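Here are my notes on the model, as numbered points. Please read them with the coordinates open.

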Amino acid sequence: MNYKKMNSIFEETNFIMKKYNIKANKSLGQNFLISEDVIDGIVDSADIDGEDLIIEIGPGLGTLTKRLLEKAGKVICVELDEKMIKILRDRFAFYNNLEILNQDILKTNLKQIIKDEKNTGKIKRAKVVANLPYYITTPIIMKLLEEELDLESITVMIQKEVADRLIAIPGEKNTGAITYTVYYYAKSEKIMEVPNSSFIPEPEVTSEVIRLNIRKEPPVNVNDINLMFKVIKNAFMQRRKTLLNSLFNTKIFKSKNQGMEVLKNIGLKENVRAEELSLEKFAELTEVLLQLNEE
Ligand code: SAM
């Protein structure tokens, strides 16, 4: 059967699943895309050209991969499920710009991969594009950001609920500790909401495509980033408590008096809550703590 002659992704997906006797594996977050419009939306917003390396996480049956291969200089797919690897190898046997890695993305050395590809001289930029396995959305996003990879952008489909939290503005509504991490490393934008009917099988949650544009310079300068993120994580651990209590209970503040002093020093009320703080305020708070620790 010639895949190119099939005009419906739905039919194509069913055909491949039947041919290879595939049942979507729920525990691997397998929900296969069947909407042409959504695939167009992802590919267009990723803004891909012949000098780009695209890292695709979880290519599955290769529906998105096919479109990426037509535009990118090179596509490197990282897929955990061996069954998918066989399909991808058969399907894209004639493409010379594809590399398929049968690995867990969380254990993949992306830094080295990007470095090696850039060293060839053919690749100018590296971008991540993926319909992510939802059961590990947060660890994947944290890995992509915290490893400070040489990436230009990350365009991913994830659960809407998580997406909204990731791309919220610190200090505004619907934030969590991860909002600050994303904001520190990237400027984010919502691309589109995606209904459940765009996949087989249908996921239980609504999805959303977001794009994170990696910043060249961080929005705040802090002498100890690890301490700042430790403060933020501890501040959000007990959301209902005041910032003062959260940071005292988690031993960031040595005493309530010290905490009150720090908050006063940076112009915050004693009863302020974590979600009211901008990233800049957390940076200021970290600097005051660093000074105190030096004394
Ligand atoms: N890209 C395909 C599509 O859009 O139709 C499939 C997306 S599906 C939501 C997620 C894919 O991630 C599955 O193919 C699954 O096997 C794969 N996956 C799950 N855990 C993974 C991991 N730890 N590392 C790499 N791939 C993983």
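1. The cavity. A search of the whole structure finds one cavity of 30 Å³ or more. A cavity here is a set of points, on a 1 Å grid over the protein atoms alone, where a 1.4 Å probe fits but cannot get out. Volume is the space filled by probe spheres set on the points, with grid points joined across faces, edges and corners. The largest cavity comes to about 390 Å³. It has 28 lining residues, and Gly 58, Pro 59, Gly 60, Glu 79 and Asn 131 are the closest to its centre. Lining means having an atom within 4 Å of a point.

2. Basis of the numbers. This is a predicted model, in which local features need pLDDT of at least 70 and side-chain atom pairs count only at pLDDT 80 or more, while totals for chains, interfaces and linings use all residues. Residues are numbered from 1 along each chain as its sequence is written, and side-chain values use heavy atoms, with hydrogens and water left out.

3. What lines the cavity. Strand E1 (32-33), strand E2 (52-57) and helix H3 (63-71) each give at least two residues to the lining of the largest cavity. Helices (H or I, at least four residues) and strands (E, at least two) are DSSP runs numbered from the N terminus. By class, the lining has 16 nonpolar, nine polar and three charged residues. Nonpolar covers Ala, Val, Leu, Ile, Met, Phe, Trp, Tyr, Cys and Pro; charged covers Asp, Glu, Lys and Arg; the others, Gly among them, are polar.

4. The largest pocket. A pocket is an open set of grid points with protein on both sides within 12 Å along at least five of seven lines. The largest pocket holds about 230 Å³. Among its lining residues are Lys 26, Gln 30, Tyr 134, Tyr 135, Gln 159 and the run from Pro 201 through Glu 202, Pro 203 and Glu 204 to Val 205.

5. Pro 201 sits in the loop between strand E8 (199-200) and strand E9 (207-214). Most peptide bonds are trans.

6. The second largest pocket. Its volume is about 160 Å³. Helix H6 (137-146) and helix H8 (177-185) each supply at least two lining residues. The lining includes Leu 144, Leu 145, Tyr 184, Tyr 185 and Arg 215. It divides into eight nonpolar, no polar and three charged residues.

7. The cores. The largest nonpolar core has 67 residues; Ile 154, Met 228, Ile 232, Leu 243, Phe 253, Phe 282 and Leu 285 touch the most other members. A second, separate core of 27 residues includes Ile 48, Leu 69, Ile 100 and Phe 199. Such a core is a set of buried Ala, Val, Leu, Ile, Met, Phe, Trp, Tyr and Cys residues joined through side-chain atoms within 4.5 Å. Buried means under 20% relative accessible area, exposed over 50%, and partly exposed in between (1.4 Å probe, protein chains only). In soluble globular proteins, nonpolar side chains tend to be buried together.

8. Leu 285. Which residues is Leu 285 in contact with, leaving aside its neighbours within four places in sequence? They are Val 231, Leu 243, Leu 247, Phe 253, Val 262, Leu 263, Ile 266 and Leu 277. Contact means heavy atoms within 4.5 Å.

9. Positive phi. Asn 21 has phi of about 55 degrees although it is not a glycine. Asn 21 lies in the loop between helix H1 (9-19) and E1, and is exposed at 56% relative accessible area. Lys 251 has phi near 65 degrees. The loop between helix H10 (243-249) and helix H11 (256-265) holds Lys 251, which is exposed at 70% relative accessibility.

10. Overall. The protein has 12 helices and nine strands. Of its 295 residues, 53% count as buried. The C-alpha atoms fill a box of roughly 75 × 45 × 30 Å along the principal axes.
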